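The following exercises are to be worked with the sequence and the model at hand. Each task is followed by a solution in steps.

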Amino acid sequence: MDMDVKDSVIACMEEWRGEVGNLIMILHEIQNRHGFVPRPASLLLSDLLEIPLARIYEVLTFYHYFKLVPPGKHDLIVCNGTACYLKGAGRLLGELETRLGIKDGDTTEDRLFHIETVRCIGCCGMSPAMIVDGKTLGKLGPSDVAGMIETIRKEEAANEAADA
Ligand code: FES
């Protein structure tokens with residue numbers, strides 16, 4: 001097992017030892033450290049806390065917040081609340097899924113992009129809205145989405161060339 005994962009599981013357990021409801025707090029802490037909850041971490045927790053692995057996965061899959069795979073470098077969050085839904089959020093999502101070849105909730109194989117849908121993000125006046133790498137954007141159409149993927153890809157290629 002990756003020593004980093006092992007060390008962090010043990011450190012998180014130490015931090016929450018004896019606390020009520022510590023499993024969920026430990027899982028939060030692991031996700032904070034790694035960006036997701038690696039399977040080896042769940043296996044080790046199951047052993048150390050003497051909790052069935054299935055119980056840990058019940059918690060992980062019940063809360064939408066937890067991620068079971070490493071997140072993408074660029075988060076593309078589509079608001080699918082009522083206002084955005086009515087103004088074409090589905091078309092934005094469809095464009096993302098087609099261009100990136102992944103579905104809502106997935107990350108591309110190169111770990112560059114992650115797509116996620118969420119409920120209202122509180123800016124219905126600019127629907128359909130998205131949050132891209134933490135920045136809120138509104139009144140978007142499929143061509144904007146195509147452009148943003150293109151821009152990110154170009155920036156990544158330029159960064160790679162600069163590092164080479
Ligand atoms: S429904 Fe999308 S911002 Fe409110």
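Helices (H or I, at least four residues) and strands (E, at least two) are DSSP runs, numbered from the N terminus. Residues are numbered from 1 along each chain as its sequence is written. The model is predicted: local features need pLDDT of at least 70, side-chain atom pairs count only at pLDDT 80 or more, and totals for chains, interfaces and linings use all residues.

**Exercise 1. The chain as a whole**

State how many helices and strands the protein chain has, and in what order they run.

Solution. 
Step 1. The protein chain has 7 helices and 4 strands.
Step 2. Read from the N terminus, the order is α-α-α-α-β-α-α-β-β-β-α.
Step 3. Along the principal axes, the C-alpha atoms fill a box of roughly 50 × 45 × 25 Å.
Step 4. A residue is buried if 20 or more other C-beta atoms lie within 10 Å of its own, exposed if 12 or fewer, and partly exposed in between, with C-beta atoms placed from the backbone. Of the 164 residues in the protein chain, 22% are buried.
Step 5. Two residues are in contact if their C-beta atoms, placed from the backbone, lie within 7 Å. Among contacts with a separation of 6 or more, 60% join residues 24 or more positions apart.

**Exercise 2. The buried side of helix 2**

Determine which residues of helix 2 are buried, and where they lie around its axis.

Solution. 
Step 1. Helix 2 (residues 22-34) has 13 residues and reaches 18 Å from its first C-alpha to its last. This is close to the expected 18 Å, the expected span being 1.5 Å times one less than the number of residues.
Step 2. The buried residues of helix 2 are Ile 26, Leu 27, Ile 30 and Gln 31.
Step 3. These residues lie on the same side of helix 2, because they cover an arc of only 135 degrees around the axis; the arc is that of the directions from the helix axis to the C-beta atoms.
Step 4. An α-helix has 3.6 residues a turn, so residues three or four places apart point the same way.
Step 5. After helix 2 comes Gly 35, with a positive phi near 85 degrees.

**Exercise 3. The packing of helix 6 and helix 7**

Find the angle at which helix 6 and helix 7 pack, and list the residues that make the contact.

Solution. 
Step 1. Helix 6 (residues 89-100) and helix 7 (residues 142-163) pack at an angle of about 35 degrees, and their axes are 8 Å apart. Axes are lines fitted to C-alpha atoms, for helices over the stretch in contact, and angles run from 0 to 180 degrees between N-to-C directions.
Step 2. From helix 6, the contact is made by Arg 91, Leu 92, Glu 95, Leu 96, Arg 99 and Leu 100; from helix 7, by Pro 142, Val 145, Ala 146 and Ile 149.

**Exercise 4. Gly 81, Pro 128 and Lys 139**

Locate Gly 81, Pro 128 and Lys 139.

Solution. 
Step 1. Gly 81 is in the loop between strand 1 (74-79) and helix 5 (82-86). Leaving aside neighbours within four places in sequence, Gly 81 is in contact with Arg 119, Cys 120 and Cys 124.
Step 2. Gly 81 counts as partly exposed because 19 C-beta neighbours lie inside 10 Å.
Step 3. Pro 128 is in the loop between strand 2 (113-118) and strand 3 (130-132). The peptide bond from Ser 127 to Pro 128 is cis, with omega near 0 degrees.
Step 4. Lys 139 is in the loop between strand 4 (135-137) and helix 7, and its phi is positive, near 50 degrees.
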